[in-house]
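This briefing is intended for reading beside the sequence and the coordinates.

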Amino acid sequence: MFRKLFFLTSFVLVLGLVCNAGGQGTGTIMQEVWSDIGGTTVADLTGNANYPDNPTYGEELTLFETAT
């Protein structure tokens, strides 16, 4: 009996996750880019006079994806 209950519970949980995975987000995210900053560390960015108030460009995205 316990084994059947375990499999049934597992099936319901997996089904719930699969059904929820197809949902679409409804918000936006702001992407800001600072170009032509020398160096390779976060400190190079945060120490730049343009950071954080003057990005090179920014746009509001509806998908949490961007080109590499």
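The structure is a predicted model, in which local features require pLDDT of at least 70 and side-chain atom pairs count only at pLDDT 80 or more, while totals for chains, interfaces and linings use all residues. Residues are numbered from 1 along each chain as its sequence is written, and side-chain values use heavy atoms, with hydrogens and water left out. The protein chain contains two helices and two strands, arranged α-β-α-β from the N terminus on.

**Overall architecture**

- Helices (H or I, at least four residues) and strands (E, at least two) are DSSP runs, numbered from the N terminus.
- Of the 68 residues in the protein chain, 4% are buried; buried means under 20% relative accessible area, exposed over 50%, and partly exposed in between, with a 1.4 Å probe and protein chains only.
- The protein chain has an accessible surface of about 6,300 Å², and carbon and sulfur atoms account for 61% of this surface; the areas come from the Shrake-Rupley method with a 1.4 Å probe, and for residues only the protein chains shown count as cover.
- Among contacts (heavy atoms within 4.5 Å) with a separation of 6 or more in the protein chain, 57% are between residues 24 or more positions apart.

**Confidence**

- The protein chain has a mean pLDDT of 77, with 63% of its residues at 70 or more; pLDDT is the predictor's confidence in each residue, from 0 to 100.
- Where pLDDT is low, the predicted coordinates should not be read in detail.

**Strand β1**

- M30 belongs to strand β1 (residues 29-33) and is partly exposed, because its relative accessibility is 48%.
- Beyond residues up to four places away in sequence, M30 touches G58, E59 and E60.
- The C-alpha atoms of M30 and L61 are separated by 6.1 Å, although these residues are 31 residues apart along the chain.
- Q31 is also placed in strand β1, and Q31 counts as buried because its relative accessibility is 17%.
- With neighbours within four places in sequence left aside, Q31 is in contact with Y57, G58, E59, L61 and T66.

**Strand β2**

- E60 is located in strand β2 (residues 57-61) and is exposed, because its relative accessible area is 55%.
- Apart from its neighbours within four places in sequence, E60 contacts T28, I29 and M30.
- A polar contact of 2.9 Å links the side chains of E60 and T28; such a contact is a pair of N or O atoms within 3.5 Å, where within protein one must be able to donate a hydrogen and the other to accept it, and residues adjacent in sequence count only if both atoms are side-chain atoms.
- E60 and I29 lie 31 residues apart along the chain, with 5.7 Å between their C-alpha atoms.

**Backbone features in the loops**

- Y51 and P52 are joined by a cis peptide bond, with omega about 5 degrees; P52 is in the loop between α2 and β2.
- D36 is not a glycine, yet its phi is positive, at about 60 degrees.
- The loop between β1 and α2 holds D36, which counts as exposed because its relative accessibility is 82%.
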